Structures are given as C-alpha cells and as structure tokens.
Amino acid sequence: MRPVVFFEVSVLISASVRELDTEDEFKIEHPFYPQSKGAVNLIERGKITGVTTYTVENQASKKIEKAILDQIKIETQDIRQNREKYKTYSQLLDTIQRKFSDNIRLMDRLRIDEEGVEDILNNEVNLMYAKLLKDAETPPEKTWSESPRFRGVAIEITKSTWKRHTRTIEELQRKSIFPDPTDRRILSEAIYLRKFRFKDTRFFLVSCDNHFCGMRPPYNEIPREIERKFNIKCLLPERLFESV
C-alpha cells in the first residue's frame, strides 16, 4: 500500500508560488518551491497518496496572496497606484491561484469528525505543546564536582549549558514552540486521520513550518514528540523523498 502524506498549509502554498514568465520585478519563486512541488509530483507519479482537509485548503487559499507579496516585496497599495503594475500583478495572482487549484486537485480532501478532532486538540495536542514549551523554558541543572580536580571542568560545563539555554529563551521570544490555534487544529486533524482512517498505513505530514518539523533547537523536539506520541513522521518535503 502506498504511504499516505498529509499536506500542510506551508507546502501547498510554496508548491504554487512560482511564475517566471512575467515582468522582471514580478518574477518569483518561493524558496521552498522546488522541494514542495517535488513532493506534490510524487502523487502524480503514484509514489504516495496525498491527503488534506478543508481547514488546510481554506487556510492556504487565504494566505497565498500574502505569500506572493512577501516574495515580490511590494505592498498592495503600491501596486494599486500603478495601473500597469496592478494589471501584471492581477495576472500573476490568477496564474498562481490556478497552480494552487491544480495541486489541490491531486489530493484527497478528507472529511473529519469535528467532535473527535476537538477531543484530540484539547486533550492531546495542547498538552503536548505545553509540555514541550515548559521543557524548553526550564533552566538546566548546575554541574558540580566535589573533587577540586574536576571543579573547574564542572563550572565550564555549567557556563556552556546556560549559554545554550539563554539562546533557547531568546529564540522562544522570537517564535514560541506553541503554535497558533489553526496550526494546532491542523495537527489534530492529521492525528484524527492517522487514528481512524490510516491506522495501519505509513503516514507522513509534510510541512515547511518549525511548529511541525523543526530542524533546530528547540523546535527539533516537536517532530520527535509527534512521532513518539502519534506515530506520524513530520518532514520537510525534501526529506520525504528519502522515506517513500
């Protein structure tokens, strides 16, 4: 049986945001486009079954214009002031929205039970992220040695661990481990599908978001905990090719 891959918002967006046949200032390619589009192409090649939900599709469609503006680094009001730019931008937006629709059509959009998802969200997902945040914020214990010979080494180890902890706190102030309510709901929907629709199938979640597949501390504990608790492998799209 083909592995099932749950496509999260960030991958659906990045797999769609690319257009090079336009004016120089509007030529864009999302940094994650090659790997995200590559993951989508695995569906066409029959390597995986791609699935998503209405929540993901709706959220991605709302964010796609912001993703375009982020790439061209122009504000909407600036575009509207120039008729030719606005015409070109409108064509660009239409092209990318059609690419988004083409990507979505390759996937199975699955129905989920609202009550079941709410239960997973409140009793499992929220608690998991809260624990991960608490663990990341907890100060490290001091290293100590009774032996004068090793006391200096112990002090250096303590300094080093506290420096790492300080960097972690600074990173958490920039971007918390605890994601926004929509991201938590999306993970809950993926868990619901894993539990009740694909219990005996290899199941992956692909994302470009640290809240699902963080690759560096302290976010790297997130995919480990999701896999441990829910048997879902959360991967960057480029890592998916190694696993299917």
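Helices, as the term is used here, are DSSP runs of H or I with at least four residues, numbered from the N terminus. In this predicted model, helix 3 covers residues 54–72. Lys66 and Asp70 lie four residues apart within helix 3, so about one helical turn separates them. Side chains of opposite charge can pair when their charged atoms come close. The side chains of Lys66 and Asp70 do meet in a salt bridge, with an N to O distance of 2.9 Å. Across the whole structure, a search finds 16 salt bridges.

Five strands make up an open sheet with parallel pairing, in the order 5-4-1-6-7.

Part of the strand order can be followed residue by residue. Strand 1 (residues 4–7) runs parallel to strand 4 (residues 49–52), and three bridges join the two. Within this pair, Phe6 stands opposite Val51 of strand 4. Strand 4 also pairs in the parallel sense with strand 5 (residues 108–109), over two bridges. Here Val51 stands opposite Asp108 in strand 5.

One of its partners is helix 5 (residues 83–105), with an angle of about 140° and axes 11 Å apart. Helix 3 and helix 5 are therefore oblique to each other, and their crossing is right-handed. On the side of helix 3, the contact involves Glu57, Ala60, Ser61, Ile64, Glu65, Ile68, Leu69 and Ile72. These residues meet Tyr89, Leu92, Leu93, Ile96, Gln97, Phe100 and Ile104 of helix 5. By class, the residues of this contact comprise 11 nonpolar, two polar and two charged.

Helix 3 packs on helix 8 as well, at an angle of about 145° and with the axes 9 Å apart. In this case the crossing is left-handed. Thr55, Val56 and Gln59 of helix 3 make the contact with Thr182, Arg185, Ile186 and Glu189 of helix 8. The contact of helix 3 with helix 8 has two nonpolar, three polar and two charged residues.

Helix 8 (residues 181–196) also packs with helix 6 (residues 114–137), at an angle of about 115° and with axes 8 Å apart. That angle makes helix 6 roughly perpendicular to helix 8, and the crossing of the two is right-handed. From helix 6, the residues in contact are Glu114, Gly116, Val117, Glu118, Ile120, Leu121, Glu124, Val125, Asn126, Met128 and Tyr129. From helix 8 they are Arg184, Arg185, Leu187, Ser188, Glu189, Ile191, Tyr192 and Lys195. The contact of helix 6 with helix 8 divides into nine nonpolar, three polar and seven charged residues. Arg185 and Glu189 of helix 8 take part in the contact with helix 6 and also in the contact with helix 3.

Note on methods. Residues are numbered from 1 along each chain as its sequence is written. This is a predicted model: local features need pLDDT of at least 70, side-chain atom pairs count only at pLDDT 80 or more; totals for chains, interfaces and linings use all residues. Side-chain values use heavy atoms; hydrogens and water are left out. Two strands pair if DSSP finds at least two bridges between them. Axes are lines fitted to C-alpha atoms, for helices over the stretch in contact, and angles run from 0 to 180 degrees between N-to-C directions. Angles under 35 degrees count as roughly parallel, over 145 as roughly antiparallel, 65 to 115 as roughly perpendicular and the rest as oblique. A crossing is left-handed if the near helix is turned anticlockwise from the far one by less than a right angle, and right-handed if clockwise. Contact means heavy atoms within 4.5 Å. Ala, Val, Leu, Ile, Met, Phe, Trp, Tyr, Cys and Pro count as nonpolar, Asp, Glu, Lys and Arg as charged, and the others, Gly among them, as polar. A salt bridge is a side-chain nitrogen of Lys or Arg within 4 Å of a carboxyl oxygen of Asp or Glu.
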